[in-house]
Amino acid sequence: MLIGISKLISPELLKVLSEMGHSDEIVLADGNFPSSSHAKRLIRADGHAIPELLDAILQLFPLDSYVERPVALMQVVPGDRVETPIWDVYGRIIKERTGCTEPFEQVERFAFYERAKQAYAVIATGESALYANLILKKGVIQ
C-alpha cells in the first residue's frame, strides 16, 4: 500500500495508468460488458463499483483538456427503456475532481465496442447498473 493512493487502485492498475500517454483511453466496464474479448490489456476490479473507482482514478489521472468531450458513454440502444441515473453520479464526480461540467460524448453501442478494442486497457468491474460503461481519455499532467 502507498500513502495517498486509494486501495481501489491495484498495483496493476497503477502501472497501466502510469504507462498511458496523452490521448490514450481506458475503459471502465460494467459487469455486463464483454471485457475479456475486447481488451488489449485487461485489469480485473471485480466487486468494485464504477463510481468509487472513477473517483479514485481521477485523483491520479488528468482528463484530456484538448478535446471537447474527454469521457465517452455507451448510448442507450433506441427503444430500450433503461434509465441511466449513474450518468448523473459520474457527472458529479468528474465535476468535483476536474471542474469539467459537460464531459460526456455518447457513442452508439457497437461503435463503443470498437473503440474499447482500441483502448489502452479495459477495467472489468462488478458494476451492476446498466449502460454504466465509460471511456476516459488521458490528458497532460501540467
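User: Hi! What do the buried residues of H1 pack against?

Analyst: They pack against strands E1 (25-29), E2 (42-45) and E5 (121-125), and helix H3 (50-58). Contact means heavy atoms within 4.5 Å. Helices (H or I, at least four residues) and strands (E, at least two) are DSSP runs, numbered from the N terminus. This is a predicted model, where local features need pLDDT of at least 70 and side-chain atom pairs count only at pLDDT 80 or more, while totals for chains, interfaces and linings use all residues. Residues are numbered from 1 along each chain as its sequence is written, and side-chain values use heavy atoms, leaving out hydrogens and water.

User: Which residues of H1 are buried?

Analyst: Leu13, Val16 and Leu17, in H1 (residues 11-19). Seen down the axis of H1, the buried residues fall within an arc of 100 degrees (from directions from the helix axis to the C-beta atoms), so they line one face of the helix. Buried means under 20% relative accessible area, exposed over 50%, partly exposed in between (1.4 Å probe, protein chains only).

User: And what does the face turned away carry?

Analyst: The exposed residues Pro11, Lys15 and Ser18.

User: New topic: how many aromatic pairs are there?

Analyst: A search of the whole structure finds three. Rings of Phe, Tyr and Trp (its six-membered ring) pair if their centres lie within 6.5 Å; planes under 30 degrees apart are stacked, over 60 edge-to-face, the rest tilted. Phe33 and Tyr113 form a tilted pair, 5.5 Å centre to centre with 55 degrees between the planes.

User: Is Phe33 buried or exposed?

Analyst: Buried, at 7% relative accessibility.
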